[in-house]
Amino acid sequence: MALRTRITERLGIEHPIVQGGMMNVGYAELASAVSNAGGLGIITALTQPSPQALREEIERTKAMTTKPFGVNMTIFPTVNSPDYKAYAQAIIDGGITIVETAGTQAVREIWEMLRPHGVTILHKCTAVRHALSAEKAGCDIISIDGFECAGHPGEDDIPGLVLIPAAADRVKIPMLASGGFGDGRGLAAALALGADGINMGTRFCATQEAPIHDNVKQAYLDNDERGSFLIFRAFKNTARVGKSAVSEEVVRRLSSPDAVFEDVRELVSGVAGKELLKSGDLSQGVFWAGMVQGLIHDIPTCQELVNRIVADAENIIRIRLTGMLG
């Protein structure tokens with residue numbers, strides 16, 4: 001039995017499982033491993049220091065897999081914005097046909113660059129209204145991210161059990177479910193809720209091929225479903241990070257009603273987070289992690305993980321659920 005959905009058909013992949021783009025994690029090693037396992041791997045454009053470096057990373061990924069893979073482009077307002085259009089041109093020059101986007105409406109300028117080149121746009125949203133707006137603007141696939149997700153869950157706090165079917169009721173284009181997915185039960189549930197596949201971030205961080213230190217992978221094992229904190233709520237830029245001594249200190253400092261971002265800048269900087277992932281020194285900064293940590297109990301290869309998820313989902317659909325029909 002094989003799971004065939006609008007996602008597998010549209011993306012040309014074997015299984016309806018996508019590895020979301022992740023800063024300082026979405027390198028060729030992980031993306032190619034996921035794609036080779038039959039899912040869709042994604043490299044992260046802004047992890048690369050320059051558009052030329054992205055071109056090289058695209059070629060490196062091509063050398064590691066002959067299967068489809070994508071590139072993530074996330075646009076958020078920053079003090080020193082990168083040259084997004086130059087990165088987009090690198091994607092075009094690399095012949096990439098699938099791009100995952102996220103961030104502000106400014107991302108639509110990137111869509112306009114990509115569309116003439118036949119690129120499929122997969123856009124991440126945290127609310128139904130945002131998904132409908134993206135669909136109307138012409139994106140091809142929606143990834144709807146529930147409150148459980150790592151990174152930026154938005155400000156509405158709607159968990160996947162409600163958000164996914166609410167989006168499925170209104171969004172007509174193919175849709176991925178994201179946030180809290182890590183096993184076959186989740187995949188079967190996502191399909192039952194109206195999605196066409198799942199997008200996983202944290203779970204793919206806890207794999208053999210993820211290019212991060214073993215200490216960080218162990219942290220995913222040690223933390224349970226309560227092992228994350230929401231930070232930056234007061235700044236309307238909520239982020240979910242893994243539980244650690246540093247993230248606890250961030251929460252403590254931001255608990256003051258007079259707290260400002262400068263109070264925690266050195267603890268949450270991207271440079272510090274990158275060093276943490278590389279060195280394994282958890283005192284260096286914070287790391288992204290979702291509630292799905294409560295479902296992570298091993299560090300398999302991507303092939304083992306994808307095979308297990310698909311087999312378990314198929315078993316649930318074919319045997320457990322069918323067996324309940326009287």
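**Figure 1. Ile17 in a strand pair.** In strand β8, Ile198 is the bridge partner of Ile17. Three bridges join β1 to strand β8 (residues 197-200), and these two strands run parallel. Two strands pair if DSSP finds at least two bridges between them. The names come from DSSP runs numbered from the N terminus: a strand is a run of E with at least two residues, and a helix is a run of H or I with at least four. Please keep in mind that this is a predicted model, in which local features need pLDDT of at least 70 and side-chain atom pairs count only at pLDDT 80 or more, while totals for chains, interfaces and linings use all residues. Residues are numbered from 1 along each chain as its sequence is written, and side-chain values use heavy atoms, with hydrogens and water left out.

**Figure 2. The open sheet of eight strands.** Follow the strands across the sheet and you will meet them in the order β1-β8-β7-β6-β5-β4-β3-β2, with parallel pairing. Which strands stand at the edges? They are β1 (17-19) and β2 (41-44); each has a single partner strand, so one side of each is left without a neighbour in the sheet. From one strand to the next, the twist averages 30°. Angles here run from 0 to 180 degrees between N-to-C directions, and axes are lines fitted to C-alpha atoms, for helices over the stretch in contact. Helix α4 (residues 84-93) packs on the sheet, where α4 touches β3 (69-75) and β4 (98-103), and the direction of α4 makes about 170° with that of β3. Helix α8 lies across β1, β7 (175-178) and β8, running at about 130° to β8.

**Figure 3. Helix α8 packed with helix α14.** Two packed helices are described by the angle between their axes and the distance between the axes. For α8 (residues 184-192) and α14 (residues 302-321), the angle is about 55° and the axes are 7 Å apart. The two helices are therefore oblique to each other; angles under 35 degrees count as roughly parallel, over 145 as roughly antiparallel, 65 to 115 as roughly perpendicular and the rest as oblique. Their crossing is right-handed, a word used when the near helix is turned clockwise from the far one by less than a right angle, whereas anticlockwise is left-handed. In the contact (heavy atoms within 4.5 Å), Gly184, Arg185, Leu187, Ala188 and Leu191 of α8 meet Ile309, Asp312, Ala313, Ile316 and Ile317 of α14. These contact residues divide into seven nonpolar, one polar and two charged. Ala, Val, Leu, Ile, Met, Phe, Trp, Tyr, Cys and Pro count as nonpolar, Asp, Glu, Lys and Arg as charged, and the others, Gly among them, as polar.

**Figure 4. A closer look at Ala188 in helix α8.** Is Ala188 buried or exposed? Ala188 is buried, with a relative accessible area of 9%; buried means under 20%, exposed over 50% and partly exposed in between, using a 1.4 Å probe and protein chains only. Not counting residues up to four places away in sequence, Ala188 touches Ala313, Ile316 and Ile317.

**Figure 5. Helices α3 and α4 side by side.** Helix α3 (residues 51-62) packs with α4 at an angle of about 25°, and their axes are 9 Å apart. That makes α3 roughly parallel to α4. The crossing of α3 and α4 is right-handed. From α3, the residues Pro51, Leu54, Arg55 and Ile58 meet Ala86, Tyr87, Gln89, Ala90, Ile91 and Asp93 in α4. This contact is made of seven nonpolar, one polar and two charged residues.

**Figure 6. Two loop residues, Asp157 and Lys236.** Asp157 lies in the loop between β6 (141-145) and α7 (160-168). Although Asp157 is not a glycine, it has a positive phi of about 60°. At 30% relative accessibility, Asp157 counts as partly exposed. Lys236 lies in the loop between β9 (228-231) and β10 (239-242). Lys236 is not a glycine either, and has a positive phi of about 60°. Its 65% relative accessibility counts as exposed.

**Figure 7. Thr126 and its contacts.** Look for Thr126 in the loop between β5 (120-125) and α6 (128-136). At 19% relative accessibility, Thr126 counts as buried. Leaving aside residues up to four places away in sequence, Thr126 touches Asp145, His152, Pro153, Gly154 and Leu163.
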